[in-house]
Amino acid sequence: MGSRSADIDFTFRSATTVRAVLDALTGAGWSAEETPGHVSYLINDADNMFEWYATTPEGLSEALALLDAPGNLPYTVALNVHHPEAGTGGMLMFSPGRTDVSFTPTMDRRRIPAAPEFTDLAWYLHALVPALVTAGLDGYEATEVRH
């Protein structure tokens, strides 16, 4: 049987920040608040430990400052985002250098109605790409793989 995973890899013209990407997506209906009162983010530090942290919406500004801190630029960081109106969300993962950002639908993944085993990548592209263009998006690659 196996499982499926889907992701969209975004490339930016120049290094971006978590704050810039979130600001762009917020204007398109996305939020860092994945459930009411809950924000989660990840920092992969020098020990290569993928540590998830939780905060409240009131602590989001501090979390963004930490994710975008110069000391964390060599490390992978991530922020979960949610689209409340659509009832879906996922993880934005920022690679070292911050020109490559991946989105993985992890919360109530939207599926293609006529082929429910597949992710509706077109929906995610329509919901993400126009906003990310304003943040310097240069290109993307969307994939779905069966494992």
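Is Y41 buried or exposed? At 10% relative accessibility, Y41 counts as buried (under 20% relative accessible area, with exposed over 50% and partly exposed in between, using a 1.4 Å probe and protein chains only).

## About the model

This is a predicted model, where local features need pLDDT of at least 70, side-chain atom pairs count only at pLDDT 80 or more, and totals for chains, interfaces and linings use all residues. Residues are numbered from 1 along each chain as its sequence is written, and side-chain values use heavy atoms, leaving out hydrogens and water.

## The Y41–Y53 pair

Let's look at the partner of Y41. The ring centres of Y41 and Y53 are 5.5 Å apart and their planes meet at 25 degrees, so the pair is stacked (Phe, Tyr and Trp rings, the last by its six-membered ring, pair with centres within 6.5 Å; planes under 30 degrees apart are stacked, over 60 edge-to-face, the rest tilted). Y53 is partly exposed, at 36% relative accessible area.

Y41 belongs to strand β2 (residues 39–44) and Y53 to strand β3 (residues 50–55), so the pair ties together parts 12 residues apart in sequence. Strands here are DSSP runs of E with at least two residues, numbered from the N terminus.

## The sheet around it

Seven strands make an open sheet in the order β3-β2-β4-β5-β6-β1-β9, with antiparallel pairing; two strands pair if DSSP finds at least two bridges between them. Its edge strands are β3 and β9, each pairing on one side only.

Three bridges join β2 to the antiparallel strand β4 (residues 77–83), and Y41 stands opposite L79 in β4.

Terms used
Helices (H or I, at least four residues) and strands (E, at least two) are DSSP runs, numbered from the N terminus.
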